[in-house]
Amino acid sequence: MAAVIPDHLHDHHHHGPTGLMRWITTTNHKDIGTMYMIFSFIMFLSGGVMALTIRAELFQPGLQVVQPEFFNQLTSMHGLVMVFGAIMPAFVGFANWQIPLMIGASDMAFARMNNWSFWLLPPAAILLLGSFFVPGGAMAAGWTMYAPLSVQMGMGMDMAIFAIHIMGISSIMGAINIVVTVLNMRAPGMTMMKMPLFCWTWLITAYLLIAVMPVLAGAVTMVLTDRHFGTSFFNAAGGGDPVLYQHVFWFFGHPEVYIMILPAFGIISEIIPTFARKPLFGYASMVYATASIAILSFTVWAHHMFTTGMPAVGQLFFMYATMLIAVPTGVKVFNWVATMWRGSLTFETPMLWATGFIFVFTIGGFTGLICAVAPIDIQLQDTYYVVAHFHYVLVAGSLFALFAGAYYWLPKWTGHMADERLGKIHFWCSMVFFNITFFPMHFLGLAGMPRRIPDYALQFADFNAMATIGAFGFGFSQLIFIVVLVKCVKGGEKAAARAWEGAHGLEWTVPSPAPHHTFEVPPVVK
Amino acid sequence: MAESRVNLQQPVTQIATEIYDMHTLMLVICMVIFIAVFGVMFWSVFAHRKSKGAVAAHFHENTTVEIVWTVVPVLILLGMAYPATKTVIAMKDTSNPDITIKATGYQWKWGYDYLKGEGEGVKLISNLSTPSEQLDGRQAKGDNYLLEVDQPLVVPVGKKIRILTTANDVIHAWWVPALGVKQDAIPGFIRDTWFRADKEGVFRGNCAELCGKDHGFMPIEVHVVSAEKYAAWVAEKKGAQAASADDPNKVWDLADLKVRGEKVFAANCAACHQADGKGLPPAFPPLDGSAVVQGPKIAQIDTVLKGREGTAMAAFGKQLSDTDIAAVITYTRNTWGNHTGEAIQPTEIAAAR
Amino acid sequence: MSQTYEKYFVPEPSRYPIFGSIALLLIASGAVMWLNKVGSGPWTLAIGFAVLIYMLFGWFGQVVRESEGGSYGKNVDASFRWSMGWFIFSEVMFFAAFFGALFYIRVLGLPWLADSDNSLLWPGFSAAWPSAGPLVEDPFTPMAAWGIPAINTLILLTSGATLTWAHWGMMKENRGQLKAGLFLTILLGAIFLSLQIYEYMHAYHEMNLKLTSGIYGSTFFMLTGFHGLHVTIGAIMLTVMLFRVIAGHFSKEHHFAFEATAWYWHFVDVVWLMLFVVVYWL
Ligand code: HEA
Ligand code: HEA
Ligand code: CUA
Ligand SMILES: [Cu+2]
């Protein structure tokens, strides 16, 4: 487990349990951040293995690798594991490591609770992944778990429901911790509008989490009682409505996708100025844009439900509101480009990922906008076009930003520079294979291939074969990252306190690797 | 398949055409913005490199530019929203249809009831007709692999067809891309949509909402035909329906029931309980050797008629006639390892309803 | 910037969180096993709760010791305030999901079920609230607002007042008033809960109103049930406060645990008012 902070780096302050107990009982934000990231990477690999199995089945028309039942289980669990197991915890891990360093705090506000937030995740993962091995197998109703299909499922569904409850508790506690840390633990002189953008985006993300995770808990609780206690929330015969589930779910679900992208925006907003050697363009408008995206995100949920048969006013309202989100997101993209403009650019690995992020994420944003137009969405809903859209924003968005951030802060975490050459190979392989995998999915979706199917009509064969090849390429490219990590932890070029020439911010004032305890006396920010 | 593989399918209704054009327009606008934005970015990637001796400027704000790039996108979006609004309103106008058809989603097939207009009274169930050998690769795949059904929906060209969707078990979605129609079928609710096909032809689609194991195997096939052909088809269907109507009081013998029941079983039950009666435990229990099937018949009649609440076992009472239910139950009770020797009569089903 | 900042409090490594995680894993697996009738769910569940209680006692006990030992300064106090506020906000959102469901059903869902198209499926169904949906097998009597629920409203409102009175006692350093106020509040909470239990029994036995009584039963019992659960939790918190007061904890300046409990109690109160209006009355 001592992957990122080797033991010899512990300064004399550190006493208390050692070995495994150290990690189980730790109250140190850096330890906890490290555990979050290791956990999320393991979950990323598990979700990735599921994705590769899905892609293997879809390599050719016909049923070759898995049966339809199991295929649906894979799709559903792939979505859940990636969203709740990989992307969200990874960002929380970044928050744990970086926020105290960036605002000059000695730790998170509630260090013990922080430990619990993390240690709730393994039980949730056990419930989720364990459900593959119970009678009836894992939940197979899609990551969205629409009723009444989810009411039909076997005990795998109950395990998923309780896993979601546990992850929800973990996220809410994590989010409260972050909010309080940012609001209450800033070093003297660190005013809100001087705070690094990563802290701002996380502050706003944390609000989103606190607001919507309980709603998801409510939604799955209703499924649970419909399943076992005879309630009729989603049963028309008893006066309920299956579409009610979708409203409650997406009231959570849409803000959720911004939960997975706002911290990514924050990371990118840290990296671009560093490697452009120029301050971030439009800091204040970045903050306002983030807040606008968050506020708007509560008013757009039913764009996932254009085909449920809402009245025209409903469709129009949700269409307009959704389209509006392009404006603040556009502001961000323009600000990044303006930051690069007339900078003094260098392209070390983090900057490559960041630039790649802007490029590919914007494609995903545009396809999102196309989905937002209700009549077009009626053709595209539940097709591979949507799959393409959200992998562009989630893989090329959230995941690429995570890699960018990892390469950027690895020197601070390990004390060594990451291997530039391998990092660049990792980037280029990922970029190329990512597009080979997901770009053809746009065509598949337009031409009419539904999602969540184990087998498809013959005219979709070529692009599916291409996507599968790309997916395996992409998957194996990620193994490069493991090599980079191991090398970086073990050794490599020593990193200076300010590991990157253009970097500013408090985290670069402490030595690399950051000592176990930092800022025990708050620094003063001018 | 002359269909495009990289774009929306060739539209055959007014709405689908509008959607097609709107998508093209959006694509062009997005492409232009994309090229403009990334043109700028790549120019600075190219020109403002440290290795080329670029020295960083210091500006980090410019209110005018920031206002411009907030307002201009708003205007562009307004331009996009205008045609979209018109189409949304047109799509929702299901008034004054020529023919009204109810499409019911079942796990995993579609049922159609012609409710109003020419053809009123026609009923059909539409099952995937691709043989399972093609799925397993034991047989070459046909041209319409997975997109073909035994009984297609037939509608006349140029007429406004209103489709009412609903479902029997979970949510399905009735989707035919070329017609520009996709509407979720929600159990217990009726939702509607409409189309008016301008061209004759065969148009294919799929169920578009995850509905369980065989979600990928419940296609939709619509035949748009001329008015004359449609009238002929209706006449033929009605004739066949009248001829096959069963006398509900007829007393059947076991062998006849078994023959009929085998067909009903293959069409309705085999998806879950499998043709060999072994099911797919634990999700779908075996009927071969099942205590319910070998036990008192009333329990089984009840299960098939009313389904099992909260499981995939649907209530077949509304879908199947008394005779069909009697036949399928008789079949299950007298095949594989089940030998009850009982012949269940349609009157017993009617009594149990 | 020559202000001096207090050294921030960072707790020592703690074993309680992992016990909390194990507890929740046991509770969740126990519940799954019980619901699906495999293995010995109830036992697993019970062990889970036992571990949870151990963890809560240990953890809160430590927090209390740290607090009374003077480890927490102004900064920690502010952190606690923010966190309790946002925690209550998350609870509000949890209730919002269920209130939203009720609102959706009454304003949109039921009228749709009864509209002209749907008469194909549910002939003759009309959307009058309360409704158990088109397939009512079991007629039930809906819960009236002006009996026990109105009395309960009064009780909870009074309990809010007694709690504030207790707080005044704290501020005046009048320990007697503080204890009496707390005791009265707990007593009122307990009466509320007893009446609620009586109401449920009445519903099940005399009114044929059950959790399974269609959407009316579902929303009624889930909303009032989760509220009742929160009253229970609040009452337990108040009881802990009473014991701490008796043990001489808290001072005029330093009593956030008490205040947090009061916030929580008022939140539960407000939820009840909403319930009274939209579930019982309208
Ligand atoms: C990180 C996650 C993420 C992000 C950031 C987004 C961003 C957006 N998404 Fe996406 N979305 C998902 C994750 C995400 N989405 C997921 C997971 C699903 C599927 C869920 C499921 O069903 O399983 C989904 C599905 C989804 C749908 C439903 C599709 C369907 O099922 O039918 C829609 C429809 O409106 C949509 C729209 C949008 C829009 C408008 C944005 C906008 O925020 C994008 C804004 C960005 C830009 C527009 C680009 C940059 C802007 C400029 C350069 C400015 C100039 C531009 C113009 C003026 C045009 N998304
Ligand atoms: C949040 C993030 C996220 C991420 C990162 C991904 C990553 C990937 N996704 Fe995922 N996807 C979703 C979120 C995500 N997805 C969601 C929400 C859905 C919807 C689910 C639903 O419909 O309900 C979905 C659905 C989805 C589908 C549609 C399934 C269907 O509709 O039936 C497909 C199909 O191609 C797919 C593919 C992929 C691929 C190839 C990757 C690749 O990026 C994965 C890369 C691969 C690896 C990382 C593997 C690396 C490991 C190895 C090579 C082996 C080494 C092994 C060990 C060391 C043990 N995804
Ligand atoms: Cu029916 Cu999918
Ligand atoms: Cu969305």
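**Entry 1**

I looked up A:Asp377 and found an N or O atom of its side chain 2.5 Å from an oxygen atom of ligand 1. I noted that this is a predicted model, in which local features need pLDDT of at least 70, side-chain atom pairs count only at pLDDT 80 or more, and totals for chains, interfaces and linings use all residues. Residues are numbered from 1 along each chain as its sequence is written, chains are lettered from A and ligands numbered from 1 in the order in which they are written, and side-chain values use heavy atoms, with hydrogens and water left out.

I then turned to A:Trp143, which has a polar side-chain atom 2.8 Å from an oxygen atom of ligand 1. For A:His389 I read 2.9 Å between a polar side-chain atom and a nitrogen atom of ligand 1.

**Entry 2: the iron atom**

Which residue is the only protein donor of the iron atom of ligand 1? I found A:His389, through NE2, at 2.2 Å. (Donors are N, O and S atoms within 2.8 Å of the metal, or 3.2 Å for Na, K and Ca; water is not among the atoms, so sites may look incomplete.) I placed A:His389 in helix 16 of chain A, residues 384-414. (Helices are DSSP runs of H or I with at least four residues, numbered from the N terminus.) I also noted the copper ion, ligand 4, at 4.6 Å from the iron atom of ligand 1.

**Entry 3: the shell**

I found 32 residues around ligand 1, with A:Tyr258 and A:Arg451 among the closest. (A residue is near a molecule if one of its heavy atoms lies within 4 Å of it.) The surrounding residues come from chains A and B, so the site is shared between chains. Helix 14 of chain A gives the most to this shell, with eight residues. By class I read 20 nonpolar, 10 polar and two charged residues. (Ala, Val, Leu, Ile, Met, Phe, Trp, Tyr, Cys and Pro count as nonpolar, Asp, Glu, Lys and Arg as charged, and the others, Gly among them, as polar.)

**Entry 4: chain A against chain B**

I looked up the interface and found 98 residues of chain A in contact with 92 residues of chain B. (Contact means heavy atoms within 4.5 Å.) The rule finds two salt bridges across this interface. One residue pair that forms a salt bridge is A:Asp462 with B:Arg5, the closest N and O atoms being 3.7 Å apart. (A salt bridge is a side-chain nitrogen of Lys or Arg within 4 Å of a carboxyl oxygen of Asp or Glu.) I noted that helix 13 of chain A, residues 326-340, gives the most to the side of chain A that touches chain B, with nine residues.

Technical notes:
Helix = DSSP H or I, 4+ residues; strand = E, 2+ residues; numbered from the N terminus. Polar contact = N/O pair within 3.5 Å; in protein donor to acceptor, adjacent residues only side chain to side chain.
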